[in-house]
Amino acid sequence: MTIAWNPGTREWHLGNARASWVLGVLDNGWVGLLHAGAPLAIGPSYRHLGPHDFTGFDNRTGEPVALALPSPGVGDFRVPALVVEGPDGSTVLDPQYAGHRITAGKPKLPGLLPATYVEDDAEADTLEIDLCDGPSGVTVTLALTLFRDQPVVARSMRVANGGSGRVVVRTAMSATLDLPDDDWRLVTLSGTWARERYPDDRALVPGRQGVSSVRGGSGNEHNPFLALRRPATTEAWGECWGIALAWSGNFLAEAEVGHFGTTRVRVGVNPEHFAWPLEPGESFATPEALLAWSDAGVGGMSDALHGLLRHRMARGAWRDRPRPVLLNNWEGTYFDFDHDRIVVMARAAKAMGMELFVLDDGWFGRRDDDNRSLGDWVVNERKLPHGIDGLAREVKALGLLFGLWIEPEMVNPDSDLFRAHPDWAIGVPGRKRTLSRNQLVLDFANPAVVDHIADAIGEVIASAPIDYVKWDWNRFITEPFSPTLPPDRQGEFFHRYTLGMYDLYERLTTRFPHVLFESCASGGARFDAGILAWAPQGWTSDDTDAVERLRIQWGTSLAYPLSSMGAHVSAVPNHQTGRVASLDFRAAVAMFGAFGYELDPTAMSDGDRAAVRRQVAFYTERRDLFQYGRFARLRSPFEGDGNETAWMVSADDGSRAVVAHYRVLFRPWPVYDRLLVRGLDPAARYAVTCWERFDAPMPTIERGGDELMSVGLGIEPPDPMPDGAFADGHRIVRGDFTARLFDLRRL
Ligand code: DGJ
């Protein structure tokens with residue numbers, strides 16, 4: 001890996017074995033992006049790939065030029081990366097190259113912005129390019145870090161006011177990416193509550209297209225991620241870009257196709273409802289965006305992002321530790337529990353091999369439903385007479401870890417906190433405050449509020465032997481305003497809210513480094529790259545129906561690793577869909593994630609409890625694969641009639657793998673079918689064992705890695721035999737909602 005600067009050609013080349021970025025100082029002083037993507041030899045000039053003077057504004061380069069920092073008002077009419085309003089009200093900006101630095105490693109981003117990091121300077125190199133707009137004195141530093149082992153560049157920007165008057169930053173993108181053509185399909189992850197992150201895949205069209213949030217959180221409607229793939233790109237082959245923004249607040253992720261058929265991507269904090277004044281000498285830093293390029297298909301792009309998010313965005317003690325199999329009581333009891341009931345559930349969980357009990361919403365204040373008590377973080381002694389401490393100790397004495405739910409950013413109007421500090425809830429004085437789930441959002445742009453909640457929640461966590469915290473966030477922000485900000489700084493509100501939330505995460509994770517934090521927001525409404533810096537796993541969706549989860553987990557996996565996806569088995573009929581799927585099918589889906597259960601084990605039959613014991617044993621025996629293996633998507637639930645899904649995890653060295661094939665509805669007389677497997681050693685032989693139920697694996701067969709990857713693994717032999725008869729190691733399974741897990745071990 002290297003970052004080379006050629007003073008003769010005035011070009012920088014960031015390159016490793018898997019990707020190259022070439023930038024150059026243009027004749028007019030702008031910094032152009034000459035190439036990004038496929039690895040190119042370092043040394044020659046690539047200036048011919050860059051500016052094409054089609055139109056020639058001011059005798060300069062024309063609009064098709066690919067720029068590292070597009071700015072408004074100087075001849076490029078596409079969307080800008082940076083808009084700064086000067087003291088005279090003008091937004092014209094002409095940033096000229098002013099210098100650069102190349103350093104080993106990766107400097108920390110300012111403040112609490114979540115970002116990737118290195119543990120050794122040899123893991124990455126960083127190029128920082130300074131640009132300056134002479135008349136206004138605005139200076140910009142673009143930071144690009146290329147990782148040694150991944151085809152990924154981390155990009156961010158710092159804007160400083162080097163002039164003598166106040167300026168206002170109105171747009172500051174974390175990254176723009178100018179590509180020389182528009183032959184791409186744009187993939188975004190969109191949906192809603194209980195249907196999060198379905199991939200939306202469409203051809204680019206002229207003009208702007210993309211996704212965003214103005215909800216105060218990244219949201220479940222759209223995700224701060226986009227991919228571009230060539231029309232012919234598949235999961236395993238072809239060019240693909242994936243861009244993830246490490247930010248949990250309002251965002252924008254869009255592509256613009258210009259009239260010469262070029263594509264500009266921009267990703268960053270949403271300029272809507274954003275304005276950040278800078279007095280002389282002040283600066284503003286954007287969050288970081290990760291730009292992954294792959295020629296190994298959409299899967300290659302995901303693989304690159306997964307690796308970084310898992311190991312170099314996630315931090316702390318739980319980054320590499322096996323995540324415990326948990327029982328969460330939410331769908332099992334909702335608000336209706338007490339000490340004894342929880343202990344009985346925990347005992348049953350332990351007997352089934354689970355490792356962590358999580359007490360969800362309802363343990364504090366007078367909270368028997370969602371009408372009251374958010375903000376009052378004191379135990380409800382009627383339900384829990386021995387306190388959290390007494391309960392945690394009893395659960396832990398069973399040999400389980402203990403976890404607790406919190407929703408620290410919220411307050412119910414019916415709470416002591418709200419009665420004492422009504423001005424701490426977000427709202428505009430003189431206007432009505434919109435309720436959602438009977439609650440309001442606390443003003444985390446106000447440091448006094450963050451201080452108070454840090455103390456209150458800190459006291460709870462310190463009061464008991466707590467190992468895990470589920471941090472929920474169950475509504476979006478309306479009436480955005482903070483009385484602590486002057487009128488001309490209200491444009492900072494949303495941004496400061498998110499920084500306040502990060503501040504609380506930072507304080508709690510620093511004070512309680514042994515605690516595993518799981519993020520949650522009405523399911524997956526704040527599931528993004530940024531939050532992983534403090535919470536290495538998140539609750540993927542409130543929808544626990546396994547058929548629905550196939551889609552949700554498939555879509556989520558485009559950007560996020562399995563270790564980050566909380567996935568639970570719940571009771572049937574499913575509470576979100578009413579669907580009744582077999583227990584083994586439900587488990588076979590949830591195992592591809594941070595696995596757990598969310599039901600009342602005391603309501604289960606002995607047979608089901610025995611089945612769960614087997615499932616937990618199956619999972620824990622392969623946990624390193626499920627949580628840290630390479631995930632590959634094989635058959636999409638979004639293709640055809642969506643009846644089939646297949647995916648797999650494999651060890652990096654190809655020594656082990658688990659391949660899963662799911663069928664939603666059974667159709668008689670299934671056609672002959674082989675599934676192409678990935679990530680194996682083609683020269684090796686594998687022992688293949690198929691599990692349709694976790695009580696009885698089929699006889700182990702032997703296959704070559706080459707055969708499994710190029711001819712396939714038998715899913716449906718042309719097998720007219722009745723149930724129970726074997727052919728090629730497999731048999732017909734009748735019935736709906738069936739899963740087969742194939743365990744592959746190199747011999
Ligand atoms: C929403 C979460 O997604 C659920 O898992 C649960 O914790 C509830 N909130 C509790 O109110």
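How far is an oxygen atom of the ligand from an N or O atom in the side chain of Arg-437? Okay, hi everyone, the answer is 2.9 Å.

Before I go on, this is a predicted model, where local features need pLDDT of at least 70, side-chain atom pairs count only at pLDDT 80 or more, and totals for chains, interfaces and linings use all residues. Residues are numbered from 1 along each chain as its sequence is written, and side-chain values use heavy atoms, with hydrogens and water left out.

Back to the ligand. Asp-542 also has a side-chain N or O atom 2.4 Å from a ligand oxygen, and for Trp-405 a polar side-chain atom sits 3.1 Å from one. On its own the ligand exposes 290 Å², and the protein buries 98% of that; those areas are Shrake-Rupley values with a 1.4 Å probe.

So who's around it? There are 13 residues around the ligand, and Asp-360, Asp-361, Lys-470, Asp-472 and Asp-542 come nearest; being near takes a heavy atom within 4 Å. By class, that shell has six charged, four nonpolar and three polar residues. Charged is Asp, Glu, Lys and Arg; nonpolar is Ala, Val, Leu, Ile, Met, Phe, Trp, Tyr, Cys and Pro; polar is the others, Gly among them.

Most residues other than glycine have a negative phi, and most peptide bonds are trans. Glu-479 isn't a glycine, yet has a positive phi of about 45°. You'll find Glu-479 in the loop between strand E26 (468-471) and helix H7 (493-511); helices (H or I, at least four residues) and strands (E, at least two) are DSSP runs, numbered from the N terminus. Glu-479 is buried at 18% relative accessible area, where buried means under 20% (1.4 Å probe, protein chains only).

Phe-737 has a positive phi too, near 55°. Its loop runs between strand E37 (713-716) and strand E38 (738-746), and at 14% relative accessibility Phe-737 counts as buried.

Then there's a cis peptide bond, from Val-572 to Pro-573, with omega near -10°. Pro-573 is in the loop between strand E29 (565-570) and helix H9 (583-590).

Last thing, H7. What span should its 19 residues have, at 1.5 Å a residue? That's 27 Å, and the end C-alpha atoms are 27 Å apart, which agrees. The expected span is 1.5 Å times one less than the number of residues. Buried residues in H7 include Phe-493, Phe-494, Tyr-497, Met-501 and Leu-508.

Notes
Buried means under 20% relative accessible area, exposed over 50%, partly exposed in between (1.4 Å probe, protein chains only). A polar contact is a pair of N or O atoms within 3.5 Å; within protein, one must be able to donate a hydrogen and the other to accept it, and residues adjacent in sequence count only if both atoms are side-chain atoms.
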